[in-house]
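Please keep the sequence and the structure in view while reading.

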Amino acid sequence: MSFSADDHKYMARAVQLAKKGFYTTAPNPNVGCVLVKDGVIVGEGWHQKAGEAHAEINALKQAGNKAEGATAYVTLEPCCHHGKTPPCSEALIKAKVARVVAAMIDPHSKVAGKGLKQLEAAGIYVQQGLLEEQAKALNPGFIKRMQQRLPYVRCKLAMSLDGRTAMASGESKWITSAEAREDVQRLRARSSAIVTGVGTILADDPSMTVRLEGFERQPLRVVMDTNLSMPTDARILKEKGKTVVMTCSTDEPIMQALNDAGADVQKMPSCGSSVDLKAVLQQLSDMHINEVLLETGATLSGAMLQAGLIDEMIIYIAPVLMGNNARGLFALPGLDSMQDKIELDIIDQRMVGQDIRVTAKVRQVN
């Protein structure tokens with residue numbers, strides 16, 4: 001399908017609008033919509049919060065009667081099923097729009113092309129595929145959860161220029177700058193869940209919360225704790241929001257003590273001597289978790305990487321040297337030759353304060 005320069009311009013605006021929902025729409029996808037008539041934008045909208053009106057409805061409300069005969073540019077195929085809100089496809093039909101351009105098909109099984117077919121059946125001219133890659137980048141977690149029953153996993157790491165994450169003693173505060181730490185807060189705010197290991201809890205007693213002004217929603221906090229080593233007075237249990245502890249242990253008294261302390265202890269299948277990592281992620285998917293931020297030490301992050309469960313890494317590199325006795329970035333046993341290396345595709349690099357932030361996707365795990 002061919003699209004005009006104006007088509008690209010208006011869909012780019014819809015993508016921009018969709019980004020406004022990054023911190024509030026989960027578990028729903030981020031969606032933007034622009035209504036254009038006679039070369040003029042008559043309505044704009046984005047999905048602002050789960051359970052509230054979708055992007056198309058907000059744009060139609062702003063356009064009013066001007067929506068008749070307009071083109072709707074939407075970053076995700078309009079829904080055609082009744083959920084917490086009525087179908088957007090029916091609203092577009094009722095508003096008598098003339099054309100709908102969708103950036104991508106909705107991967108949800110209840111939609112998956114049915115919304116566009118419904119619009120076509122009503123006599124609306126439908127096109128799909130404009131700025132599809134940009135639209136997919138808006139919702140990697142929603143797409144992966146719909147297609148694979150797994151959330152999208154980002155691994156956040158901070159290291160020195162020589163690849164170290166902590167001194168031999170475990171001391172790590174602070175490798176990176178205040179600006180980098182604030183950037184991490186925004187990563188947390190976007191995530192549906194923050195996952196860590198009990199080793200991090202025992203070593204640092206972190207809060208794992210979002211500390212941004214005006215931000216109220218706290219991501220689910222998840223602790224991988226194979227043998228239930230987590231103390232009942234851990235700071236993470238005293239913070240606002242919910243903390244889930246995933247374990248293989250069958251020690252009922254300790255489970256009850258942690259539950260009484262505010263945790264939600266969930267028994268998970270084991271994989272060898274530890275919690276089955278993929279089963280944990282599948283459980284989070286079933287809990288409607290789209291995007292996970294992994295904030296943990298070298299052991300768990302290395303195990304997740306070697307299991308092929310990390311989609312993206314965000315690495316903050318500080319302009320410091322910590323020496324060869326300091327701790328490394330990942331625990332990756334078994335990489336004995338160059339053919340065993342794990343390859344990455346760097347998709348972004350920029351300065352954050354005095355640090356370099358590198359974003360990379362995992363290409364393959366050998």
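The model is predicted, so local features need pLDDT of at least 70 and side-chain atom pairs count only at pLDDT 80 or more, while totals for chains, interfaces and linings use all residues. Residues are numbered from 1 along each chain as its sequence is written, and side-chain values use heavy atoms, with hydrogens and water left out.

Helices (H or I, at least four residues) and strands (E, at least two) are DSSP runs, numbered from the N terminus. On a 1 Å grid over the protein atoms alone, a pocket is an open set of points with protein on both sides within 12 Å along at least five of seven lines, a cavity is a set where a 1.4 Å probe fits but cannot get out, and lining residues have an atom within 4 Å of a point. Grid points are joined across faces, edges and corners, and a volume is the space filled by probe spheres set on the points.

The table lists the lining by class: Ala, Val, Leu, Ile, Met, Phe, Trp, Tyr, Cys and Pro are nonpolar, Asp, Glu, Lys and Arg are charged, and the others, Gly among them, are polar.

| Space | Volume | Lining by class |
|---|---|---|
| Largest pocket | about 1400 Å³ | 21 nonpolar, 15 polar, 13 charged residues |
| Second largest pocket | about 900 Å³ | 12 nonpolar, 4 polar, 12 charged residues |
| Largest cavity | about 100 Å³ | 4 nonpolar, 7 polar, 2 charged residues |

Around the second largest pocket there are 28 lining residues, and A137, P140, R154, R190 and E312 lie nearest its centre. Elements that each supply at least two residues to this lining include α5 (132–138), α6 (140–148), β6 and β15 (312–318).

The largest pocket has 49 lining residues, with T200, D204, E295, T296 and G297 nearest its centre. Among the elements supplying at least two residues each to the lining of the largest pocket are β6 (152–160), α7 (178–190) and α8 (198–204).

Is β6 itself buried or exposed? Because 8 of its 9 residues are buried, β6 is largely enclosed by the rest of the structure; buried means under 20% relative accessible area (1.4 Å probe, protein chains only). Two strands pair if DSSP finds at least two bridges between them. Strand β6 runs parallel to β14 (residues 291–294), joined by 4 bridges, and Y152 has E291 of β14 as its bridge partner. With β15, β6 pairs in the parallel sense over 7 bridges, and S160 stands opposite A318 there.

Methods:
Buried < 20%, exposed > 50% of the residue type's maximum accessible area, 1.4 Å probe, protein only.
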